[in-house]
Amino acid sequence: MATDTVDQKHTDVSTENGSWEGGAYPFKVGYGKLMIWYFLLSDAFTFAGFLIAYGTLRFSTPTWPVPDFVYSLFPFMSGHHPLLFVSFMTFVLLFSSFTMIRAVQEGHRENRKGIVIWMFLTILGGLGFLGCQAWEWTTLIAREHMSVTTNPFGAHTEGGIYLGADGKQSEESFTAHTSYIIHHIDFNATHEEGAPEAGAEHEGHAYAAPGDYPDALVDERGYVHRKYIVADGENAGKIMYEKFGPKAFGALFFFITGFHGFHVFSGVLFLLTILVNVIGGVYVARHNGNEMVEKIGLYWHFVDLVWVFVFLLFYLL
Amino acid sequence: MSHDYQGAKKIALKTIIILAVVTVVEVMIALTGKGYVIQGYHAPKLLMNSLMIGMSLYKAYLIVFEFMHMKYEAKGLRMSVLLPVCLLIWAVIAFLYEGNAWKHNRQVVLDRNKIELTQTPAKTN
């Protein structure tokens, strides 16, 4: 009889809230959605690790390339347009986030046509962002000759006056914290090809070979380090030449924006796959408000979230 | 359901407009701080940077709570995702302090090298 009561109690509990029967969702979301949240949490830690490394290295060097000087070119336009192009990129990604949430909302009310239209726009936004990034990387690599280990962007730590072609002081002077770019010349190029690139500030004369010239030091790889006479500070009166900027800059930039770009790229692939499945009606049978669209939506918003911080740390501060 | 849908649509539109406006303001702040907007006027760096960091955190809040729908999830889910992120607060403080210490140590070495160079000839004399 005693055993009967225990059994009775046990049955009562299990039928009351069904905790042992399965089918109950902890946190009131499906398994997949819960897991994508935890995946995104771990991914957030990965990105945070990279960005904190960036902050640490930036704090450890006396100067750092000034973003509105580094990112100041715009396709088909000449001159300096600080931050214009990266702001444009940011808007492309931001609006693709908006089209994504519209797709998720259409998914909740099982409107297949709506999902397809908004997801398609999201894919276009993602591809647009990747295109912008391709242009940005190409400009930095091919035009400004930045690489993972060579950073031509520097900033002066003291004021000074540049030397002219005759080795005497020229009229061109600068103050501390002024940014500069170390130009690169290709010794093998013909005269036309070796002409100063767009955005070049110092056109100077062409140097035929590496060497120590009166106004500049041209190194083996063709980087032109301009000479100047220091005007203030403890080195006043000394002749110095422009050195490469902090070495870590290129590696951090290409690695972090590359890792983010790879997230966007894989996001576009996932979006395409799910779009094809939506068109094929794969999710209709599941009757769960197109949860798959919601999951890729979470991923896509996360990519936008990371860009908020990449944008802040690389371009704004 | 359809009322719900209309409401959600409105919230999404409102959120994206706020995000866009905040981004534009951030870029304006960055350019003001570097002396582009008002010719030659460099706004205080500390103020400008804290403003931009604050606004970026606000953008992150909007994306997570509205776009990613975190505001409407169960409390347990919200806590299990957001609380671990708090660990990063210490990581940021500790590593930036470390970076600053590297800079300081490097300067100490440079200064010491200078002293030794000026002292060596004195010894030989």
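Axes are lines fitted to C-alpha atoms, for helices over the stretch in contact, and angles between N-to-C directions run from 0 to 180 degrees. The model is predicted, so that local features need pLDDT of at least 70 and side-chain atom pairs count only at pLDDT 80 or more, while totals for chains, interfaces and linings use all residues. Residues are numbered from 1 along each chain as its sequence is written, and chains are lettered from A and ligands numbered from 1 in the order in which they are written.

**Exercise 1.** Determine how α7(A) and α2(B) are oriented to each other, and which residues meet.

*Solution.* Helices here are DSSP runs of H or I with at least four residues, strands are runs of E with at least two, and both are numbered from the N terminus. The axes of α7(A) and α2(B) come within 9 Å and cross at roughly 175°. Angles under 35 degrees count as roughly parallel, over 145 as roughly antiparallel, 65 to 115 as roughly perpendicular and the rest as oblique; the two helices are therefore roughly antiparallel. Taking contact as C-beta atoms, placed from the backbone, within 7 Å, A:H301, A:D304, A:L305, A:V308, A:F309, A:L312 and A:L316 meet residues of α2(B) that include B:M52, B:S56, B:K59 and B:F67. By class, this contact has 11 nonpolar, 2 polar and 2 charged residues, where Ala, Val, Leu, Ile, Met, Phe, Trp, Tyr, Cys and Pro count as nonpolar, Asp, Glu, Lys and Arg as charged, and the others, Gly among them, as polar.

**Exercise 2.** Describe the side of chain B that touches chain A.

*Solution.* Chain B has 4 helices and 0 strands. In the interface, 42 residues of chain B are in contact with 39 residues of chain A. Each of α1 (2-33), α2 (45-67), α3 (75-85) and α4 (87-124) supplies at least two residues of that side of chain B, and the largest share, 12 residues, comes from α1(B). The residues of this side divide into 29 nonpolar, 6 polar and 7 charged.

**Exercise 3.** Locate the largest nonpolar core and its main contributor.

*Solution.* A nonpolar core is a set of buried Ala, Val, Leu, Ile, Met, Phe, Trp, Tyr and Cys residues joined through C-beta atoms within 7 Å, and a residue is buried if 20 or more other C-beta atoms lie within 10 Å of its own, exposed if 12 or fewer, and partly exposed in between. The largest such core has 73 residues, with A:V293, A:V310 and A:F311 having the most contacts inside it. Helix α7 (residues 291-316) of chain A gives the most, with 19 residues. Leaving aside neighbours within four places in sequence, A:V310 is in contact with A:I256, A:T257 and A:H260.

How values were computed:
Two residues are in contact if their C-beta atoms, placed from the backbone, lie within 7 Å.
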